[in-house]
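Welcome! Here is a short tour for anyone meeting this structure for the first time. Take a look at the sequence and the model, then read on.

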Amino acid sequence: MSEKLNKRKIEKDWLNVFTDFAKYLPMNFIKRKGSFLIGIYLQPILSSTRYRVCFYVYDLMYDLEIPTVPLTSSVELKNKKGATNSFSMQEHNNSFEKIVQDLKNQVPLLQKEDFSYQELASYMKSVVDEINGETTLRDIVLLNYWCGNTEQAEKKIKKGKEIILKWSERVTKSFGGAENWENQVRTLMNKDTLSKTISEQLQKYELENIEDYGLN
């Protein structure tokens with residue numbers, strides 16, 4: 001019979017490495033960077049005998065109306081063959097430093113405590129796909145707009161439309177296609193509206209007291 005995960009020890013080990021992250025939910029840690037949250041979720045699988053590592057980014061400027069912080073713009077830690085990796089308690093104990101280093105190699109944002117909004121936007125661009133790509137493309141636009149780079153925000157709207165137009169109708173019909181995506185994004189581009197949404201989401205997820213490390 002496989003050994004159950006010692007979740008308390010696993011949480012302690014990860015938080016000892018990522019000291020600027022706060023525990024949000026069991027096996028789920030977050031760090032606020034201005035209008036965004038970045039998170040590490042350790043997903044128990046196989047009756048909690050193994051866990052997967054997922055890194056995600058969440059935009060506080062748009063409410064997806066989900067009761068917990070959604071795992072948007074996310075990637076799961078992969079093995080050398082490109083398949084999602086998972087770890088037993090024994091593997092965690094024996095290879096924890098390597099697991100952490102593998103994650104840092106896969107997600108360069110985690111290699112340093114501070115990073116710019118351009119670096120965050122670049123990371124999100126790298127994980128765009130058809131599954132939830134319209135969300136990530138929207139977030140890239142809003143990030144540039146919020147940080148005062150209106151010219152870049154306009155370029156990202158144009159690029160986003162070009163990307164969406166290459167997707168199948170089966171994917172795009174859920175959000176109305178490229179034109180509807182642009183209209184929605186432009187409607188959101190209002191600093192007062194975005195600021196109000198950020199405040200409401202911090203309250204909704206009970207994150208008002210979490211430290212904000214800011215975005216340069």
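## Helices α3 and α4

Let's start with a pair of helices in this predicted model. Helix α3 (residues 117-126) packs with helix α4 (residues 133-146) at an angle of about 170 degrees, and their axes are 9 Å apart. Angles over 145 degrees count as roughly antiparallel, and α3 and α4 are therefore roughly antiparallel to each other.

Which residues in α3 meet α4? On the α3 side they are Y117, L120, A121, M124 and K125, and their partners in α4 are T136, D139, I140, L143 and N144. Sorted by class, this contact has 6 nonpolar, 2 polar and 2 charged residues.

## Helices α4 and α5

Helix α4 also packs with helix α5 (residues 150-164): the two axes come within 8 Å and cross at roughly 170 degrees. That makes α4 roughly antiparallel to α5.

From α4, the residues L137, I140, V141, N144 and Y145 take part in this contact. They meet T150, Q152, A153, K156, I157, G160, I163 and I164 in α5. By class, there are 8 nonpolar, 4 polar and 1 charged residues here.

## The whole chain

Now step back to see the protein chain, which holds 8 helices and 6 strands. Following the sequence, their pattern is α-β-β-β-β-β-β-α-α-α-α-α-α-α.

How does the radius of gyration agree with that of a compact globule? For 216 residues, such a globule would have a radius near 17 Å, and the protein chain has 18 Å, which agrees. Along the principal axes, the C-alpha atoms fill a box of roughly 55 × 40 × 30 Å.

## Contacts, inside and surface

Of the contacts between residues at least 6 apart in sequence, 60% join residues at least 24 apart. Buried residues make up 47% of the 216 residues in the chain. The accessible surface is about 11,500 Å², and carbon and sulfur atoms account for 45% of that surface.

Technical notes
Residues numbered from 1 in each chain as written. Predicted model: local features only at pLDDT ≥ 70, side-chain atom pairs only at ≥ 80, totals over all residues. Heavy atoms only, no water. Axes fitted to C-alpha atoms, helices over the stretch in contact; angles between N-to-C directions. Helix = DSSP H or I, 4+ residues; strand = E, 2+ residues; numbered from the N terminus. Parallel < 35°, antiparallel > 145°, perpendicular 65-115°, else oblique. Contact = heavy atoms within 4.5 Å. Nonpolar A, V, L, I, M, F, W, Y, C, P; charged D, E, K, R; others polar. Rg over C-alpha atoms; globule rule 2.2 N^0.38 Å. Buried < 20%, exposed > 50% of the residue type's maximum accessible area, 1.4 Å probe, protein only. Areas by Shrake-Rupley, 256 points an atom, 1.4 Å probe, with all protein chains shown as cover.
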